[in-house]
Amino acid sequence: MAVSSTIESQTALRTRCLERRRDVVRERMRAAGLELLIAYGSGNHSFLAMNPGWYLSGFKQMGKHMAVLLPLEGEPILVMTPRWDVSRAREKVVTIGSVVATDDEQFLSTVDEQLRAHNLRSKKTGVAGGGLMARSVADGWRTVLDWPPSSAEKMVSDVAKIRDEWSLYCTRTAVDIAERGYWQLLETAKPGWPEHQVAGELETFMREMGAEDNFQLMSASQHNRLVHQPTNRVLEMGDILLGEITPAVEGEFIQICRTAVIGKPTALQLEKFALLDAGLRAGMKTAVPGTPVKAVVEAINKPIADAGYEKYTRPPYMRTRGHSMSLGSMEPEIAPDRDHVLEKGMVFVMHPNQYIPDTGYMMCGEPVIITDHGAEPLTSKMGQLDSIG
Amino acid sequence: MINMEPVLKRGYTAWDQALLPADEFTERVSRVRAAMRSAGLDALLVWGNQYEYADFTYLAGMPTAGTLLLTLEGDPAVFTGGGGRELPFQRTLTWVSQLSAAGPMPGATLKSALAERSIPQGNVGLVGTHLLSAATYANVTENLSGYAIREFDTEFRMLRASKRPREVATLRTALRIATDAAQAAIQAFNQGATTTEAMVAAERTARVNRGRDIRILANVDSDDLRPFEGLSPARRTPLLMWIGVDYQGYWADMAATSASTSGSQAERAVEAMVAAATPGARAAAVAAAGLAQLSSTAARDSAQDYGLGSGIGLALSDWPTISPASDAQLVDGGLLSLRALARDGDDVSFANAIVQVAAGGGQKLEPR
């Protein structure tokens, strides 16, 4: 009974939040003078690119293309592919009454038909395409609309970058899966296992916990240059195992970055990992609402630079100190070349992953939420330099 | 088969030089250069990304993103889209020694590379520009404005269509991984596992057996094939499962079911398509041969909805598509994945075969 009421409340929460997304986006459309929003979704899923179609529909498609046609007034329409996946779409899409299934090749012509049928072709239109819209589709909007559309990318991103309750629920579920997966790895991985077996066992353990997808890099070395996809390298004593573990629940990804030594960590390894941990904690303390992300980068880099490693806090050794991984918004990115400003309710991974010449690359990163007091970890236990075996 | 694209190909990623040694790629380069000479091209640029890498990987070996520059003389060069941090690892995945980072706007780098190879002007073929964003495409074409550029996709696709022996061997390795994964799923299901637990059993087996990417659909909570979206207590009989496995960038896929397919409509349809898969045969005729074996409109509709198959190799769904609407003609030595999911009410069957197009009909590939 308790289980069924929990499921019921999850469904209600999801519906309420999807309705709110639709309504808030409509408010922004009205303010921007838009009469129609086309929220596109690419089937080339990435956790580093927006999927506005997914954000507004709650549906992660298998086909190449999807679009939510959201008029200022009237019923939204979902155009999705392939046809045979329409029953799944209808189950998932609870705030859009009209679901139209078609084939990838007929996507634009089907959008055209729907726009004509609902007298939407001549409306003042914005397109939020995400980062993976194919050139042919980007060019195609002009052929199905009477007027060239404007970009509505930022409009959707600005709504999505502050997480709603449903997003946070899925995020916290994914964090729990990531932590339990990593703890399982610490218990089971052993010298003699190849990297791909370690990664594969972790992957399927998290699948059993409910992870639908995972951006996972996992590799080991006595002196890592970076983390990469798993190879046939066999774990041995003294190796440093790196894991970038990013399970997804209902399309919401969350990442933990972890480092474990096969055997006992050396004093040098512990000393250098402590620099990364100090950088992370300094960054979290700095990350109050209103803070430019550049200031967070500086806070993270300071203890590492003070220890004599400033060169390694810049490219090509360092790319970014953190980033959102919500398919709804790629804000913020904690990088020196970004002008993002932190806002309360943003969620992202903060990761001072760092190459140190004495020990090699190590990973240290937490999923955090921005509060009035700074960035708070979503994990139950922050990462440390762990030991296996 | 259309399926859920993951955010990252994250399984076993190491160059199997025993199966795909460097000399395999020098032979492919020779083949492409001959086509370039015939077409009057001085240089060729081939793009790939993490979703569509077939053309790029055919020459570069590594199934990743990048731009490959091939001229009529000298070694090819690969330019990656990242910042260079990944280069040490990427160098372990390819036979190409000239590997460097060009960032997301590679136009100026490509122009310089052509000049360095003493090609200040001339004819440049482009393969895979549909993968580029509007901004990147503009950057490339503006920088190459001094060259006569033209799309070379169709010619390149035909070069890849007939498979080399080592390509067939690599695909058969992927088929072995897929077959073992299917057996693990069916064994788990027959021992009482739910549909989603059987999917996890298949995935675990494929990942431990060195699959680079694994795609699985099954009849989860539905008569339709669906991706894994969390554990479900449902156990739908018979289990219907589709598994796709990538090894070294080469794909194999298979239909698996807990029910016997012997003599089923789906099996008859696949066998008819296998027999029709001869060089020069029209893809539409192959499709028609399969559909003729299905006894009802409903069964034919479901088979066409899920697709009757396509070319397979460095892409899961490659040219040609097996469809009544296709005007493609099969190529001798090409590889096809042929399948039928036939549903008419409660009567459902699912079968497939991977075949190499040959004079006497398709030759079925066995797992290696």
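A:Gln354 is buried, with a relative accessible area of 0% (buried means under 20% relative accessible area, exposed over 50%, partly exposed in between, with a 1.4 Å probe and protein chains only). The model is predicted: local features need pLDDT of at least 70, side-chain atom pairs count only at pLDDT 80 or more, and totals for chains, interfaces and linings use all residues. Residues are numbered from 1 along each chain as its sequence is written, chains are lettered from A and ligands numbered from 1 in the order in which they are written, and side-chain values use heavy atoms, with hydrogens and water left out.

A:Gln354 is found in strand 15 (residues 354-356) of chain A. Helices (H or I, at least four residues) and strands (E, at least two) are DSSP runs, numbered from the N terminus. The side chain of A:Gln354 reaches the backbone oxygen of A:Tyr312 at 2.4 Å. Beyond its neighbours within four places in sequence, A:Gln354 has contacts (heavy atoms within 4.5 Å) with residues including A:Leu276, A:Ile304, A:Arg321 and A:Met362.

Helix 9 of chain B covers residues 265-276. Its 12 residues should span 16 Å at 1.5 Å a residue, and the end C-alpha atoms are 17 Å apart, which agrees. The expected span is 1.5 Å times one less than the number of residues. Among the buried residues of helix 9 of chain B are B:Ala266, B:Ala269, B:Val270 and B:Met273. The buried residues of this helix pack against helix 10 (283-291), helix 11, strand 12 (335-344), strand 13 (347-356) and strand 14 (363-364) of chain B.

The contact between the chains takes 43 residues from chain B and 47 residues from chain A. Together the two chains bury about 4200 Å², 58% of it on carbon and sulfur atoms. Buried area is the accessible area (1.4 Å probe) that two parts lose on being put together, summed over both. In chain B, B:Val7, B:Arg10 and B:Arg85 lose the most area to chain A, together 18% of what that side buries.

Seven salt bridges are counted between chain B and chain A (a side-chain nitrogen of Lys or Arg within 4 Å of a carboxyl oxygen of Asp or Glu). One joins A:Glu201 to B:Arg204, with the closest N and O atoms 3.1 Å apart. Helix 8 of chain B gives the largest share of the side of chain B that touches chain A, five residues. By class, that side has 22 nonpolar, eight polar and 13 charged residues. Ala, Val, Leu, Ile, Met, Phe, Trp, Tyr, Cys and Pro count as nonpolar, Asp, Glu, Lys and Arg as charged, and the others, Gly among them, as polar.

Definitions and conventions: Polar contact = N/O pair within 3.5 Å; in protein donor to acceptor, adjacent residues only side chain to side chain.
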